[in-house]
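Please prepare a short briefing on the structure shown below.

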Amino acid sequence: MKIICRCEDITEEEIVQKINEGYHTMDDLKRILRVTMGLCQGKGCRKHIAKILSRELNIPIKDVVQPTYRPPVKPIPINATVDKE
Ligand code: FES
């Protein structure tokens, strides 16, 4: 068992199973398995998942469409939300 997405605890076998079920894009896998949606926002797994998609679908890795990057959520102090006037 090889864990690919450590944030969401998703294995290579789970990813390959979903690809074989018809989920053929990073966005499909993101929606069904939550890969790339963990704390690191895909920094730890995105390239590995692209390689798996490339291998399983027999397409060049450059043709694997990457999901949209979202800015990371950062905590702010509660008083930053209070009107100070
Ligand atoms: S390792 Fe996949 S979201 Fe962090």
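Axes are lines fitted to C-alpha atoms, for helices over the stretch in contact, and angles run from 0 to 180 degrees between N-to-C directions. Helices (H or I, at least four residues) and strands (E, at least two) are DSSP runs, numbered from the N terminus. This is a predicted model, in which local features need pLDDT of at least 70, side-chain atom pairs count only at pLDDT 80 or more, and totals for chains, interfaces and linings use all residues. Residues are numbered from 1 along each chain as its sequence is written.

**Packing of H1 and H3**

- Two packed helices are described by the angle between their axes and the distance between the axes.
- Helix H1 (residues 12–20) packs with helix H3 (residues 46–57) at an angle of about 45 degrees, and their axes are 10 Å apart.
- H1 is therefore oblique to H3; angles under 35 degrees count as roughly parallel, over 145 as roughly antiparallel, 65 to 115 as roughly perpendicular and the rest as oblique.
- H1 and H3 cross in a right-handed manner. A crossing is left-handed if the near helix is turned anticlockwise from the far one by less than a right angle, and right-handed if clockwise.
- On the H1 side, the contact is made by Glu12, Ile15, Val16 and Ile19, and on the H3 side by Ile49, Ile52, Leu53, Glu56 and Leu57. Two residues are in contact if their C-beta atoms, placed from the backbone, lie within 7 Å.
- Sorted by class, the contact of H1 with H3 holds seven nonpolar, no polar and two charged residues. Ala, Val, Leu, Ile, Met, Phe, Trp, Tyr, Cys and Pro count as nonpolar, Asp, Glu, Lys and Arg as charged, and the others, Gly among them, as polar.

**Packing of H1 and H2**

- The axes of H1 and H2 cross at roughly 115 degrees and come within 11 Å.
- The crossing of H1 past H2 is right-handed.
- Glu14, Ile15 and Lys18 of H1 meet Leu29, Ile32 and Leu33 of H2.
- The contact of H1 with H2 has four nonpolar, no polar and two charged residues.

**The largest nonpolar core**

- The largest nonpolar core has 11 residues in all: Ile4, Cys5, Ile10, Ile15, Met26, Leu29, Leu33, Val35, Cys45, Ile49 and Leu53. A nonpolar core is a set of buried Ala, Val, Leu, Ile, Met, Phe, Trp, Tyr and Cys residues joined through C-beta atoms within 7 Å.
- At least two residues of this core come from each of strand E1 (3–5), helix H2 (26–33) and H3.
- H2 gives the largest share of this core, three residues.
- Not counting residues up to four places away in sequence, Leu29 touches Ile15, Lys18, Tyr23, Val35 and Ile49.

- Ile32 is found in helix H2 and counts as partly exposed, because it has 13 C-beta neighbours inside 10 Å. A residue is buried if 20 or more other C-beta atoms lie within 10 Å of its own, exposed if 12 or fewer, and partly exposed in between; C-beta atoms are placed from the backbone.
- Ile32 is in contact with Lys18 and Tyr23, leaving aside its neighbours within four places in sequence.
- Ile32 and Lys18 are 14 residues apart along the chain, and their C-alpha atoms are separated by 8.2 Å.

**The loop between H2 and H3**

- Most residues other than glycine have a negative phi, and most peptide bonds are trans.
- Arg34 lies in the loop between H2 and H3 and has a positive phi of about 70 degrees although it is not a glycine.
- Arg34 is partly exposed, because 14 C-beta neighbours are inside 10 Å.
- Thr36 is placed in the loop between H2 and H3, and its phi is near 70 degrees, a positive value in a residue other than glycine.
- Thr36 is buried, because 26 other C-beta atoms lie within 10 Å.
- Leu39 lies in the loop between H2 and H3 and is exposed, with 11 other C-beta atoms within 10 Å.
- Leu39 and Cys7 are 32 residues apart in sequence, and 6.3 Å apart in space from C-alpha to C-alpha.
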